[in-house]
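Subject: Structure for you to look at

Dear colleague,

Here is the structure I said I would pass on. My notes follow below it.

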Amino acid sequence: MKNEGTIVMVTGPVVTADTMTGSRMYELVKVGHERLIGEIIELEEDVATIQVYEETTGIKPGEPVVGTGMSLSVELGPGLLGTIYDGIQRPLPLLHEESGFFIKRGIQVPSLDRERAWEFSPVVCAGDAVEPGDELGLVAETNTISHRVLVPSGMKGTVTEIVPAGRYTIEDIIARVKVDHDIEPVRMMHRWPVRKSRPFKEKLEPKTPLITGQRVIDTFFTMAKGGTAAVPGPFGSGKTVVQQQLAKWVDADIIVYVGCGERGNEMADVLREFPGLEDPRTGEPLMKRTVLIANTSNMPVAAREASVYTGITIAEYYRDMGYDVALMADSTSRWAEALREISGRLEEMPGEEGYPAYLASRLADFYERAGKVLTLGRGERTGSISVIGAVSPPGGDFSEPVTQNTLRIAKVFWALDADLANRRHFPAINWLESYSLYGGEVSDWWHEHQGSDWDAMRKRMMGILQKESELEEIVQLVGSDVLPDADKLVLLEAEILRESFLFQNAFHAVDTFCSPAKQYRMMKMLHRFDELAKNALTEGVAFEKINEIPVRSSIARMARIPEDTYEGAFGGIEKEMHEQFLALAHPETEGHEGIVVDK
């Protein structure tokens, strides 16, 4: 029997109702005559405090509140990929069809298409023993993603019936399993509470890098599959561009992009751009392996708070099938502001800067649902969720509570710098403030797949950048002319490193993505330049001649050499570099102006 109460007070998105005896925490309710969706967030005797996921204008005391008996849940099944949802998993295209450009309050549409028939292929037979996580069958959700229909959590028994291969809707019963003395039906779709993490067998150590194709990330501040990363930065520093680049190029099977509280025009750009992007891995539209969740800053604040849980639950669903999932949350600061607003309306004791005292634990609950795991079911099926959360600190102040609490949890910190962005250096990741705690775990992968000197070259390049930072203070005081040639060489190498390696043009057809092999070859090129330049100084070559060496222009252009031709082109640049340095050290071998002439 459904519980029914009466509204006694309305405070923005927070509604108080009495006579709600029998209700429970986080129960979903229908509020008012328009049956707005809400969730119980506080109970005191028979008085329930409800956060409403829709605009409450016009709701008044005396209107009814009806409990549903369910927690806020998402529908999981074939049809998730390629769909654009709001924060509580209502498909935006369907909302547009039903209500036009302005979403009507109280409108209810199914999250998954009930009419569409999917081609189901069973992989078990009647009489087979099954346990939670075992595969019952496969559905070709897209041309590249096979949707595995799994035995639901808590269901262990014997298959008594399995349908033959054919086309079925998500509500059709595709199997029956005998559990103890009961026969339980299994459908392709089920519901899962968003605030409850999905179970798994074991969490594994993340040791494989999450390749992004962005050199400054993969080489210096690498992230592991199943890891967590924070991308804080002030307005205009490129957080959204970085997130979109990662969504397009990251080495993951499934992308879940959560636009949480961002400006409407930014989110509209994402919604317009993503359906037109081509997946570089398959040549198919990128949307075929993407789920978009859009909850803009002008949408109800309570739904913003729910949107990240909706996203992570969908990510866990595909992780359980054995896929690598990358979740982009843009941005967790707007999510934390929603927590602060609701907490204020509940008259809770505020913490630092008005955020609730439980801000840190809520952030931890979210980020800790990331990870590489051994999934339920027979066999050694593994899956991962990598969470990349953008943070928008006011004024770029990294000491504010959301950034600081995120840094205590996330193991990768990509600090975006407004000064770098203003100098048109993208990605604007500050190499002196950023860090990654996965370097040791993933170095074995780089050594095995690229070269045993990868870590040594990376540390050498970072040392050059750090030395440049130390020398800049002296240069600002007395100028660079007074520096010894060895220090001038450090400044030159740091400049080459910034311009040819760290800078990456997201809108260039070639430079937008750089494979691990090409990154390694570029590192070898810069490392060889460092060796030859130091040898030239040792042999008495003036720094000015090294500074004017013509091969610098070829090195500056190496990032824009296509992936299928860079190997031969890089060999030519290395040969050119050796000849020119030889001519500097031994002028008697030069043909003209210090450059060796081809015979």
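Val-482 is exposed, at 55% relative accessible area (exposed is over 50%, buried under 20%, partly exposed in between, with a 1.4 Å probe and protein chains only). The model is predicted: local features need pLDDT of at least 70, side-chain atom pairs count only at pLDDT 80 or more, and totals for chains, interfaces and linings use all residues. Residues are numbered from 1 along each chain as its sequence is written, and side-chain values use heavy atoms, with hydrogens and water left out.

Val-482 lies in the loop between α11 (454-478) and α12 (485-502); helices (H or I, at least four residues) and strands (E, at least two) are DSSP runs numbered from the N terminus. Together with Ile-474, Leu-477 and Val-478, Val-482 makes a nonpolar surface patch of about 410 Å². Patches take residues with over 30% relative accessible area and no salt bridge, joining nonpolar side chains (Val, Leu, Ile, Met, Phe, Trp, Tyr) within 5 Å and like charges within 9 Å. A salt bridge is a side-chain nitrogen of Lys or Arg within 4 Å of a carboxyl oxygen of Asp or Glu. Areas come from the Shrake-Rupley method with a 1.4 Å probe; for residues, only the protein chains shown count as cover.

The largest nonpolar core has 88 residues, and Trp-414, Phe-529, Ile-546, Ile-555 and Phe-581 have the most contacts inside it. Helix α13 (residues 516-538) gives the most to this core, with 10 residues. A second, separate core has 74 residues, among them Ile-88, Tyr-168, Cys-260 and Ile-293. A core here is a set of buried Ala, Val, Leu, Ile, Met, Phe, Trp, Tyr and Cys residues joined through side-chain atoms within 4.5 Å.

Thr-83 counts as buried, at 16% relative accessibility, and sits in the loop between β7 (73-76) and β8 (84-85). Leaving aside neighbours within four places in sequence, Thr-83 is in contact (heavy atoms within 4.5 Å) with Pro-91, Met-287, Thr-290, Val-291 and Leu-292. The side chain of Thr-83 also reaches the backbone oxygen of Leu-80 at 3.2 Å.

For the whole chain, there are 16 helices and 26 strands. Buried residues are 54% of the 599 in the chain. The C-alpha trace spans about 95 × 55 × 40 Å along its principal axes.

Regards

Key. Polar contact = N/O pair within 3.5 Å; in protein donor to acceptor, adjacent residues only side chain to side chain.
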